[in-house]
Each structure stands twice: as structure tokens, then as C-alpha cells.
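Please look at the sequence and the model together before reading on.

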Amino acid sequence: ARALDEEVRGLSLEDVAAAARAKWNEELSKIEVQDAGPPTPSVFRALETFYTSLYRALLFPRRLDENTPEGVRHWSPYDGKVHAGPGVTDNGFWDTFRTVYPMLSLAYPSRLGEIIEGWLNAFREGGWLPKWASPGYRDSMVGTFGDVVIADAVMKNISGFSHEAAWEALRKDSYESSAPKDTSRGKFGLSHYRDRGYIPIDVKIGEACSRTLDFAFADAAVANVARRLGKQDDAVELLARSQKALSSLYDSRTGLMGRKRASGWFKDEAAETWGDCFTEGAAWHHSFPPFDLPTLAKLHGGEAKLLAKLRELFTSPSTYKVGTYKVEIHEMREMRMLGLGQYAHNNQPVHHLPFLFALLGDPNTTAHLVRRILTMAYSSHGFAGDEDNGEMGSWYVLSSLGLYATAPGVSEDYVLASMPQFPRVHLKELDLVIEAPSADEASPVFAQVLWRSRPWVGATIPYSALTRGGALRFLSTPADLAADSPPASLRG
């Protein structure tokens, strides 16, 4: 009652609605499109879709805390008590670690620190980081991608939370098993993963292939934190576990990750078969994890062969077998409707795949794929698939800015993905301006990037550079270099 009185007492419904609109405008304007381009229908559609996507990206996680005379306090769904500090909920890390948190790092870093502290409060109160908070622990999806989110925040020096508490939570997920048959927290199947390097398909643990690869992603991220905090033995062990998982599941006969039995033999199955070993997808969708591209390229026999396999994914027929799902599910239909081979943008595991081309030396393919997906898979009226806790919307926002993090928690780098959608955008918290004078041109390919007025060499740029503030300028023609650009406090 006290909080309700503080927020709305004496206000009419119209007053509350107006205040809500003002607050949303304040939040959305933290990514300010200062120049959207010529006033054409396509530009208006892109601008509308951009802010629709950003709005959706900011809906989660939800806050459980409120201001009180004793400071910020929250009720915890983990122990049923009231505690000091921020509380957050409603987040499926299996989805959101990929794009939501990398987007928050760029546009809302101060808010991100509060959110991370909220997740650490969940650990303090319940004993584990949640995998899917709804509002407390929920048995949904696989992996411990909350580890990756927290590791990413540590690596990026996001402020507002305790690194010591973060390490305690990450180490527990890495080394301790949850209660038998409890898949709502921790790594279910951890003993198999540690002993063999993978989880076999015949030990009565579902989605074994995805679990193996998702555990490996978390291991790679936590290894980075361990190294940063001086925990060298843990860093070495976790990195080795991560690399062993990749080599254990890679089936050289198919060039994809395979369904491996306890005996060490692979079960033969068509690459387009969904379910069973793979979560909401097939081998095609889970065979190119981004957390260790050098190891993945080595398994394929070099970067050229890995590139060839990626091209095969995007050009193969969009066919599928229902597998253990028994019936056609909407994700299968949506993949077929998009028409990009086995690329299923309607679901999250593939969202990094277009950007791997740039990392492997083919930026033009990345640029064309990203622009095609932005155009085909999104509108202000709907997205071509699951919008899970803002993940799909965040993909659109990042890709529209020309920046994408393929391996959060493992690398602080953002891929310089494709020509941004708008000529000029300002990210206010970092005081970062992204400029693309040729944004309205048909081709999404850029020839050069300038960072703080100097040529930038490479396919990626680190977050630590972006936090300095400055102008990131995408050039496609010599005229772009000479084009007038308004002065800004952030010019380097």
C-alpha cells in the first residue's frame, strides 16, 4: 500500500499513462537514432521496427524490488523472505545471454550492473544461480547460461556487483551437482560430462548433445573469469573441459556434432532430424558453437573447410524430420518459411551463425545475410519466430547498429557485422556514435571502418574500446570519408 501510494496517489489514469509514456521515451531514447535517412517507406518501417524491437528487449528481466524507507528491498521467490538490494526475475538465460545482455552492455551498462547484482542475490538466497527464473527456479531448457551472463559482466568491468560473489556462484555451477533428478538448477549430467568429456545419449539424460555443448560454453566463459581472478588451476581445467567437449561430439564423417553413445560410437541419424539429443533443433543448428572457433576450425580441417560447411548450412534444402517431437512443431515450419537453408532464425541457437563468416575472413557474406534477415524476418507487427524475453528484438537492435557479440563471456569483442541501418545513432551512456553515411544504399557491404577518426583493422572491436566513447564510422565509398559529420563531444 505504501509503494502504491507513493507511485500513483492523487493521479488520474491519464496521469499514470502519461508518466508511463514519458518513462518509456526516456529509456528508448538512450539509443537515439539521430539520422534515420531519407523519408521513404522502407526507412520508416526500419525505424518503427527498430524501436519496437528495443521496447521488447527492455521488457525483461522484471524487477522485484522497490524503494522503501530502509532503501531498495525485494521479496525473494527463492526463500520467501524480504531482503535488501535489487531483485530480478522472469528470464530464460538459454535465450537472453546471446543478445539481450550484450545489448544492455552497450546501451544500459549502469542498469546491467543492478540486474547482475539481482541475479547474485538469487544465488545468495536460493543457493544456485537460476537457469530460468519464473519467478524462482524453473525446470526449463538446458545449460547454465547465467554463468555466461555474469562472466561477460566481469570481463567487461560492469560495475555494481561483487566479483567475489560472482566467482562463488560460477564455481558452484562448474563443479557441484544439484540434487538427483533436479534439472532446475546446476548442470544436470555433470558427472558424465566431467568423466567422459560429453554426456552420452544412452544414459537416460535428455538433450545430451545440447547439454554437452552448453556446458562447454559456460566452462569457456568461467575459465576466463578464473584467469582474471587469479584462479589458474580452475582456468586450465575448465578450458580443457570445454575443448574436450567439442572434440568428443564432433563427427568427422558428417562435419557436424553427433549423437554419441557411452561406448564412444556415434548413432547414425540424418542431420535434419530434430529433438532427442538436440534442444529445439537438429544437428545443423547446434554444430557451430562460437566460443572456440580455433578448435572448431581445427576439427573441420581448417578455416576454409569450416566456411564451406557453413555455406552448406545456408544453401541446403529447408527440410526437416520431426524426430522425437513426433509431430511438426512451429519452429520447423518457421525455418522452412524463411527459406535460408537450415538456418532457423526463428529460434536462438543459430543467431550467431551469420557473423561467423566475418570472423573466418568473409565479411561480405555476413553483411548480406544480416541485411536479408533484418528485412525478411522482422516487422513492427511481428517477428519470424520466438521472441523469448527480448532475445529476438535484441538481435535486431544489435544487427541494425552493425555490432554483434558472438561469444559473450568468452570474448569482449563485437563483430563489425554489416552496414548499420541508419546514418547516425547515438548510444548515450557510452557516448558512442555509430555513423554510416551510405546506410540507405542497397548494398550492406562496407569497405572500411574508422574508430575515433582512425582506420580500424580487423573484423571485431573490443567492448573496452567502445567504453571510451567516440565515433564508429562505417564507410562504403571514398565519398563517405569526406562527408560532413556534425561535431560531437565524443570525437577522438
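At what angle do helix α3 and helix α18 pack, and how far apart are their axes? The angle is about 130° and the axes are 7 Å apart, for α3 at residues 41-57 and α18 at residues 391-401.

## Basis of the description

The model is predicted, so that local features need pLDDT of at least 70 and side-chain atom pairs count only at pLDDT 80 or more, while totals for chains, interfaces and linings use all residues. Residues are numbered from 1 along each chain as its sequence is written, and side-chain values use heavy atoms, with hydrogens and water left out.

## The chain as a whole

The chain contains 20 helices and 22 strands. Both are DSSP runs numbered from the N terminus, helices being H or I of at least four residues and strands E of at least two. Along the principal axes, the C-alpha atoms fill a box of roughly 65 × 60 × 50 Å. The radius of gyration is 23 Å, which agrees with the value near 23 Å for a compact globule of 492 residues. This radius is taken over C-alpha atoms, and the globule rule is 2.2 Å times the number of residues to the power 0.38.

Of the 492 residues, 57% count as buried. Buried means under 20% relative accessible area, exposed means over 50%, and partly exposed lies in between, with a 1.4 Å probe and protein chains only. Contact means heavy atoms within 4.5 Å. Among contacts between residues at least 6 apart in sequence, 67% join residues at least 24 apart.

## Two helix pairs

Two packed helices are described by the angle between their axes and the distance between the axes. Axes are lines fitted to C-alpha atoms, for helices over the stretch in contact, and angles run from 0 to 180 degrees between N-to-C directions. α3 passes α18 in a left-handed crossing, a term used if the near helix is turned anticlockwise from the far one by less than a right angle, with right-handed used if clockwise. From α3, the contact involves A46, T49, F50, S53, L54 and A57, and from α18 it involves G393, S394, Y396, V397, S400 and L401. These residues divide into seven nonpolar, five polar and no charged. In this scheme Ala, Val, Leu, Ile, Met, Phe, Trp, Tyr, Cys and Pro count as nonpolar, Asp, Glu, Lys and Arg as charged, and the others, Gly among them, as polar.

Helix α7 (residues 145-155) and helix α8 (residues 163-175) cross at roughly 145°, and their axes come within 10 Å. This crossing is left-handed. D147, I150 and V154 of α7 meet H163, A166, L170 and D173 of α8. By class, this contact has four nonpolar, one polar and two charged residues.

Where does Q421 lie? Q421 is in the loop between β16 (413-416) and β17 (424-427). With a relative accessible area of 15%, Q421 is buried. Leaving aside neighbours within four places in sequence, its contacts are A46, L374, Y396, S400 and A439. Q421 and G402 are 19 residues apart in sequence and 7.8 Å apart in space, C-alpha to C-alpha.

Q348 belongs to the loop between α15 (330-338) and α16 (353-359). Its relative accessibility is 0%, so Q348 counts as buried. Beyond four places in sequence, Q348 is in contact with W94, D95, R98, D386, D388, E391 and M392. H300, in helix α13 (residues 293-300), is also buried, with a relative accessible area of 9%.

## Backbone features in loops

The peptide bond from F60 to P61 is cis, with omega near -5°, and P61 is in the loop between α3 and β2 (62-63). A cis bond also runs from S134 to P135, with omega near -15°; P135 is in the loop between β8 (132-133) and α7.

K204 has phi near 65°, a positive value in a residue other than glycine. K204 lies in the loop between α9 (190-196) and α10 (208-228) and is exposed, with a relative accessible area of 84%.
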